[in-house]
Amino acid sequence: MARSQLELRSLEVRSEGVTASGKGTVTTGDQPGAVIAPVSLSGQIDLAQMARKLPHTFQGADRPQLESGEFIFRLDGQPPSTKTTGSRWTLTAGTPLIRATLPNGEAVEWKSPIDVSVAIQQQAGEWRCDQLQIETPLLVLQGTPTDQGLRMSGNADLARLASPLPGVVEPQTATLSGLVSLSGEVGWPRDGILPVTTEVTLRDLEYRRLETRFEERARPQRPAATTVDQSSPPTPNDVTD
């Protein structure tokens, strides 16, 4: 670090569960974060291994047990160019595949459970987000820049969103379906205030709870036993005088 600059010539991190590498140069003076030389930082974290190291934080009898999974990230910084007036940072992160065991012993896996992409651009000495995208099996959220801020839009499937809620929605006892649409705008900060407007719309909402009822009924009474006289009827010779 010298002359209000932070120069990262070479970074290599290799430990149990974490690997990372990177290089680049940024300013630390009047415009912190401004890129002088291209910055590249990438790495991955073994989520299952971290969960085993911190069992009280990530694991428990009532929580899924991670068997395998990685969190991969990449951060890139580009200095000003003929196409951009300021520095630009881009972050991409995600988890390609996660395998776990549920508390009931069922083995499950999630493919691409989360993918995040964020980009911020320096304009007139200020940092503004000009790209945002979050994708999960439950929720998809996107952001596009406007003159006033960032316009947000997204949707969520309630059937998938409620599936991991034991005791509320379980396939054996209840079903929930519908679509949640999200929209709004996040304005650029002004005087320490962050203006946010949101709108949530529910469509085709349906909730059904399945119940099994047991009714106690009186058992039918068997008819009383009767004795049938098997003797022959009297004959005329049997009649006494």
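Biologist: Which residues does serine 68 touch, not counting those up to four places away in sequence?

Modeller: Serine 68 touches Ala48, Leu97, Ile98 and Arg99 once residues up to four places away in sequence are set aside, where contact means heavy atoms within 4.5 Å. This is a predicted model, in which local features need pLDDT of at least 70 and side-chain atom pairs count only at pLDDT 80 or more, while totals for chains, interfaces and linings use all residues. Residues are numbered from 1 along each chain as its sequence is written, and side-chain values use heavy atoms, with hydrogens and water left out.

Biologist: Where does serine 68 lie?

Modeller: Serine 68 lies in strand S4, residues 65-78; helices (H or I, at least four residues) and strands (E, at least two) are DSSP runs numbered from the N terminus. The C-alpha atoms of serine 68 and alanine 100 are separated by 7.0 Å, although the two residues are 32 apart along the chain.

Biologist: Why does serine 68 count as partly exposed?

Modeller: Serine 68 counts as partly exposed because its relative accessible area is 28%, given that buried means under 20% relative accessible area, exposed over 50% and partly exposed in between, with a 1.4 Å probe and protein chains only.

Biologist: Stepping back, how many helices and strands does the protein chain have?

Modeller: The protein chain has 3 helices and 11 strands, and from the N terminus on its elements run β-β-β-α-α-β-β-β-β-β-β-α-β-β. Buried residues make up 22% of the 241 residues in the protein chain. Among contacts between residues at least 6 apart in sequence, 43% join residues at least 24 apart.

Biologist: How do strands S1 and S2 pair?

Modeller: Strand S1 (residues 5-15) and strand S2 (residues 18-27) pair in the antiparallel sense over 9 bridges, and two strands are said to pair if DSSP finds at least two bridges between them. Within that pairing, leucine 11 has glycine 22 in S2 as its bridge partner. The hairpin of S1 and S2 has 2 residues between the strands, and glycine 17 in this hairpin takes a positive phi near 100 degrees.

Biologist: And which residue stands opposite valine 26 in S3?

Modeller: Valine 26 stands opposite valine 35 in S3. S2 and strand S3 (residues 35-46) also pair in the antiparallel sense, over 8 bridges.

Biologist: New topic: how many salt bridges does a search of the whole structure find?

Modeller: A search of the whole structure finds 5 salt bridges, each being a side-chain nitrogen of Lys or Arg within 4 Å of a carboxyl oxygen of Asp or Glu. One of them joins the side chains of glutamate 7 and arginine 9, at 3.4 Å from N to O. Another joins arginine 74 and aspartate 76, at 3.0 Å from N to O.

Biologist: Are glutamate 7 and arginine 9 buried or exposed?

Modeller: Glutamate 7 is partly exposed, with a relative accessible area of 44%, whereas arginine 9 is exposed, with a relative accessible area of 68%. Arginine 9 is found in strand S1, and its C-alpha atom is separated by 8.0 Å from that of glycine 22, 13 residues apart along the chain.

Biologist: What about the core: which residues make up the largest nonpolar one?

Modeller: The largest nonpolar core has 5 residues, namely Cys129, Leu132, Leu141, Leu150 and Met152. Strand S7 (126-135) and strand S9 (149-157) are the elements that give two or more residues to this core. A nonpolar core is a set of buried Ala, Val, Leu, Ile, Met, Phe, Trp, Tyr and Cys residues joined through side-chain atoms within 4.5 Å.

Biologist: What is leucine 150 in contact with, leaving aside its neighbours within four places in sequence?

Modeller: With those neighbours left aside, leucine 150 is in contact with Cys129, Leu132, Gly143, Thr144, Pro145, Gly184, Glu185 and Val186.
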